[in-house]
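Thanks for coming. I will go through a few local features of one model, with the cut-offs given as we reach them. Please have the sequence and the structure open.

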Amino acid sequence: MAKNLLIVESPAKAKTIEKILGEDFEVKSCYGHIRDLDKGDMGIDVKHNYKPNYIVPEEKQKVVKELKAVAKKSGEVWLATDEDREGEAISWHLCEVLGLDPSTTKRIVFHEITKPAIKKAVDNPRLLDMNLVNAQQARRIVDRIVGFELSPVLWKKISMKNSLSAGRVQSVAVRLIAEREREINAFKAASNFKIEAFFAAKDINNKSVSFKAEGNRVKNDEEAEKFLESCKGAKYSVKDIQVKPAKKSPSAPFTTSTLQQEASRKLGYGVSKTMVLAQKLYESGKITYMRTDSVSLSETAIDDIKGQIGKQFGDRYVQLRKYKNKSENAQEAHEAIRPTYMENSSIEDADTRRLYELIWKRTIASQMADAELEKTIAKISISTNNSELTAQGEVLKFDGFLKAYSEDKDDDEITDEEETEGMLPALAVGQSLDLKELTAIERFTRPAPRYTEASLVKKLEELGIGRPSTYAPTISTILKRGYVEKRDKEGIKRDFRVLVLKNDVIAKKTEQENTGAEKSKLFPTDLGLVVTDFLNKHFDDIMDYRFTARIEEEFDEIAQGKQQWAKMVDHFYHPFKKDVEETLENAERAVGERSLGTDPVSGKKVIARMGRYGPMVQIGDTTEEEKARFAKLKQDQSIETINLDEAMELFKLPRMLGQFEDSDVSVNIGRFGPYAAHDKKFYSLNKEMDPYTVTLEEIAPLIEEKRKAKDERTVKVFEKEKIQLLRGPYGIYIKQGLRNYKLSKDQQEKATDLTIEEVKKVIEDQKANPPKKSARRKAK
């Protein structure tokens, strides 16, 4: 009897499921999407109800051919792609390509790859849900329309290289990052003085311990000094004590978004890394489906968690809870991300272990008891000026869920109170306190922090933009397109003033702190800022947060069968197309130009702007008889913030360093970055070398090292034709100018004997028939 064929999305998942189902089923992978919109003419027939024209890409034809062959021999074909809209769409595409009838083909879904879940799914198959398919289809079509129509606008109005592109969700994400950067650049730090008193008191063991109390902040150093003066000779006593019970409750189990955020805070993972590892955990049967905006847990899972808490921590730590989904349309899955077997608190696989343990701890903590605290607030009176100081302390009475897990917070969520709260000794009303010292420390207001990948996901989710399956691709895309970069920022030294009252004497001093340092934050590039401004000006709907969120809601309505997909696309398309046509016709080119002042030597104007190869500064005008001069901005400089002095520094290149081997050595910055020139040859500088400060002593060894490496790579040189045969990581190849040409294995074996005629023929053949690029699509 012919086997059943079950089709899943990834080969790893196929192996796991085949072991579970046994010999009745053959499980094959389709390696993710098998069809996509044709790239020619947008792949959408706008005139005929937005009919999509799908094709099987060349790199998927072999997979489709194999699936067709296996399907033909099989008794019945089952579809088990992922349970979200994208997975439903892949199942529909499989029906179309394999000639399956969607009205009879069995479709199964499961939240976890375990024997009970798979068996239950096979026992309860359903049919394809065309509402989910149409919701995904509408998203794909709208996004293709935006990309296809907007990109030529950007090519014409901003870039001369036809390399720019725009996307519906991506453009809004860049806008968030650009707006935050401008907030930070415009922010003016204001200072005030924080009043802190340090006291000594006896604890329960009659041992002297120190604690801190705070007063009201004062505006400036004059008021700070005046306050400290008024405290000379003062007596300090406890005026009032309030002891309040408090509690902390655990967070809900992970959704896609909260997992990405917490993995960033606790493990330092980027959003894409988190999703790759979570995918691996899911496919190996370790966790439930990882693309979800639901915080629900199944009754079976809750029972397992309860048993594990009782066994590991004791029954007092059990407090079962049902969490409510924030999103009414929590449609990507029906359960939160959790381990499939709660008895496994860790796993063997080193790559995924840390993420698995994070998921296990968060899941188990979600059903544990509240942490019980005792919060003490003591008011301390100052005899000389009727002012009050406040000391706060917190004592953990019962650790509850904190025994398993404590959630981290983002930079902008941590309050001063949380940073300073500690424990207090036992105090009594009327008790006299010994002042050790009273300080007034200058503190500065801070701007909102730049986004991390995780905090950007959080913001997108808050605004209702994107869905669990779109967060990671959105961030990857804006980084890859060069609109945003992820990097560290070094802090700068800043003076702050401190006044100290000790033994009734006031001392003043100035100290230094490091401020503004940031790690792995998202910065908009100048290109990202220019594109954002242009799109904001001419496509305000596309760039509007509420409009983008409303489009997401309409996709949800299609998924629920409340809206017809072609009508939704039509409603979007016509006003958008009108904006495109008006912008192409009327909008001026955007270069992000900013005037910096006048060159003190030539008297010509100095501007910063976008050039063909990126942000630059320019002296003079290109229309004048004498050519304008140009210099590329450094990586940490921006058109929006560079000043005249910094701009003039950039024109110190090229720099002559001296002579090496009787030839001049100079450094400059070119299209591909900083380089050294010596004896008519060019050598890229190492990353740590600054062309503005590097010395001849540093450059000479670099030239020798790179020259030696090139000699080792060089197989043969045709000087007259300026063609080289070079040895690379994948074998010997031809280099002519900036172009490379492959050699066959036979040609590589006799490379030293190849004639110029044979080499030219290889070049001509490959120019006439360029090798096809392999475009792999990631299997989900």
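Arg494 and Glu513 form a salt bridge, with 3.0 Å between the closest N and O atoms. A salt bridge here is a side-chain nitrogen of Lys or Arg within 4 Å of a carboxyl oxygen of Asp or Glu. Arg494 sits in strand S16, residues 492–502, and Glu513 in strand S17, residues 505–515, so the pair ties together parts that are 19 residues apart in sequence. Helices (H or I, at least four residues) and strands (E, at least two) are DSSP runs, numbered from the N terminus.

Before going on, the conditions. This is a predicted model, where local features need pLDDT of at least 70 and side-chain atom pairs count only at pLDDT 80 or more, while totals for chains, interfaces and linings use all residues. Residues are numbered from 1 along each chain as its sequence is written, and side-chain values use heavy atoms, with hydrogens and water left out.

Back to the pair. Buried means under 20% relative accessible area, exposed over 50%, and partly exposed in between, with a 1.4 Å probe and protein chains only. Arg494 has 21% relative accessibility and counts as partly exposed. Glu513, with a relative accessible area of 19%, is buried.

Another salt bridge joins Glu511 to Lys509, and its closest N and O atoms are 3.3 Å apart. Glu511 is partly exposed at a relative accessible area of 32%, and Lys509 is partly exposed at 43%. Over the whole structure, the search finds 51 salt bridges.

One more of these: Asp556 and Arg467 meet through their side chains in a salt bridge of 2.7 Å, N to O. Asp556 is in helix H16, residues 545–559, and Arg467 is in the loop between H13 and helix H14 (471–480), so this pair ties together parts that are 89 residues apart in sequence. Are its two partners buried or exposed? Asp556 counts as buried at 1% relative accessibility, and Arg467 is buried at a relative accessible area of 8%.

The axes of helix H6 (residues 168–186) and helix H13 (residues 453–463) come within 11 Å and cross at roughly 115°. Axes are lines fitted to C-alpha atoms, for helices over the stretch in contact, and angles run from 0 to 180 degrees between N-to-C directions. H6 contributes Ala173, Leu176 and Ile177 to the contact, and H13 contributes Leu456, Lys459, Leu460 and Leu463.

Now the strands. Two strands pair if DSSP finds at least two bridges between them. Strand S23 (residues 655–660) runs antiparallel to S24, with five bridges joining them, and Phe660 stands opposite Ser663 in S24. Their hairpin has two residues between the strands, and Glu661 takes a positive phi near 55°. S24 also pairs with strand S25 (residues 673–678), in the antiparallel sense, over six bridges. S24 and S25 form a hairpin, again with two residues between them, and Val665 stands opposite His678 in S25. Six of the eight residues of strand S24 (residues 663–670) are buried, so S24 is largely enclosed by the rest of the structure.

Last, an open sheet of four strands, ordered S27-S28-S29-S30 with antiparallel pairing. Strands S27 (714–718) and S30 (739–742) are at the edges with a single partner strand each, so one side of each has no neighbour in the sheet. Neighbouring strands in this sheet are turned by 25° against each other on average, direction ignored. S29 (residues 731–736) is joined to S30 by four bridges, and Gln736 stands opposite Arg739 in S30. Helix H21 (residues 756–768) packs on the sheet and touches S27, strand S28 (723–728), S29 and S30. The direction of H21 makes about 100° with that of S30.

Methods. Contact means heavy atoms within 4.5 Å.
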